[in-house]
Amino acid sequence: DGSLSAPRRWGILGLMTVAMIIGYIDRVNLAIAITLPDFAQAFHLTNDSRGLLNSAFWWSYALFQIPAGFIVDRHGVKYPFAICFLLWSLASAGTALARSVPELFILRLLLGACESMAVPAALRWVRFNVRQEHYGVAFGIFTSGSKIGAIVGIPAATLLVHLFGWHGMFIALGFGGLAWLI
């Protein structure tokens with residue numbers, strides 16, 4: 001059960017849930033961008049390249065789940081998760097600087113690889129910091145972040161594109177997530 005007080009324990013779980021929300025927002029931002037004519041023209045997107053870009057995240061996300069679990073088992077949750085969160089936020093923001101489909105593809109692979117840390121880290125943290133009789137509630141709270149992120153991510157990305165264009169949307173969402181690290 002660990003030595004954390006109950007308010008601190010549930011507060012940390014809340015922060016991990018917010019990280020999951022941010023992660024899902026960073027996952028859906030490309031889905032908004034590739035529908036934009038100026039984005040499609042800037043990258044000369046075809047249906048094939050759109051499909052490739054949409055799947056790139058999931059390739060690395062799936063591939064790195066097991067190594068991420070190994071890392072948190074060996075090094076704990078705090079630093080591996082923080083480093084991966086930083087890198088995924090930078091990958092999201094860096095999309096604004098991409099100039100080609102291969103660059104976009106690499107950034108999406110990096111995003112997926114770094115976000116793969118979130119679930120193994122959260123599961124390990126819950127295992128060692130939440131009493132077993134509260135696992136279901138803790139996991140429910142954490143996994144709700146993925147649904148909330150998907151719900152708010154698309155309207156947020158759409159609004160940011162409307163206000164600042166696609167470059168601004170990627171920058172705002174990528175760097176905006178960095179506030180979580182504090």
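Does S92 count as buried or exposed, and at what relative accessibility? At 1% relative accessibility, S92 counts as buried, where buried means under 20% relative accessible area, exposed means over 50%, and partly exposed lies in between (1.4 Å probe, protein chains only). The model is predicted, so local features need pLDDT of at least 70 and side-chain atom pairs count only at pLDDT 80 or more, while totals for chains, interfaces and linings use all residues. Residues are numbered from 1 along each chain as its sequence is written, and side-chain values use heavy atoms, with hydrogens and water left out.

S92 is placed in helix α4; helices (H or I, at least four residues) and strands (E, at least two) are DSSP runs, numbered from the N terminus. The side chain of S92 makes a polar contact with the side chain of D26, at 3.2 Å. A polar contact is a pair of N or O atoms within 3.5 Å; within protein, one must be able to donate a hydrogen and the other to accept it, and residues adjacent in sequence count only if both atoms are side-chain atoms. Leaving aside residues up to four places away in sequence, S92 touches D26, N29, L111, F170 and G174, contact being heavy atoms within 4.5 Å.

Side chains of opposite charge can pair when their charged atoms come close. A salt bridge is a side-chain nitrogen of Lys or Arg within 4 Å of a carboxyl oxygen of Asp or Glu, and by this rule the count comes to three. One of them joins E115 and R27, with the closest N and O atoms 2.6 Å apart. This pair links distant parts of the chain, since E115 is in helix α5 and R27 in helix α1, 88 residues apart. Both E115 and R27 are buried. D73 forms a salt bridge with R124, where the closest N and O atoms are 3.1 Å apart. Here too distant parts of the chain are linked: D73 is in helix α3 and R124 in helix α6, 51 residues apart. R124 counts as partly exposed because its relative accessibility is 24%. E133 forms a salt bridge with R131, the closest N and O atoms being 2.8 Å apart. E133 is exposed, with a relative accessible area of 57%, and R131 is partly exposed, at 37%.

Helix α6 covers residues 118–129. Its twelve residues should span 16 Å at 1.5 Å a residue, and its end C-alpha atoms are 16 Å apart, which agrees; the expected span is 1.5 Å times one less than the number of residues. The buried residues of α6 are A118, P120, A121, A122, W125, V126 and N129. Their cover includes α1 (6–33), α3 (47–75), α4, α5 (101–115) and α7.

Y135 lies in helix α7 and counts as buried at 18% relative accessibility. Apart from residues up to four places away in sequence, Y135 touches V126, R127 and V130.

On the surface, Y79, I83, L86, L87, L90, I171, F175 and L181 form a nonpolar patch with about 710 Å² of accessible area together. The elements giving two or more residues to this patch are α4 (78–94) and α7 (135–176), and α4 gives the most, with five. Patches are made of residues with over 30% relative accessible area and no salt bridge: like charges are joined within 9 Å, and nonpolar side chains (Val, Leu, Ile, Met, Phe, Trp, Tyr) within 5 Å. Accessible areas come from the Shrake-Rupley method with a 1.4 Å probe; for residues, only the protein chains shown count as cover. L181 is found in the segment after α7 and counts as partly exposed, at 33% relative accessibility.
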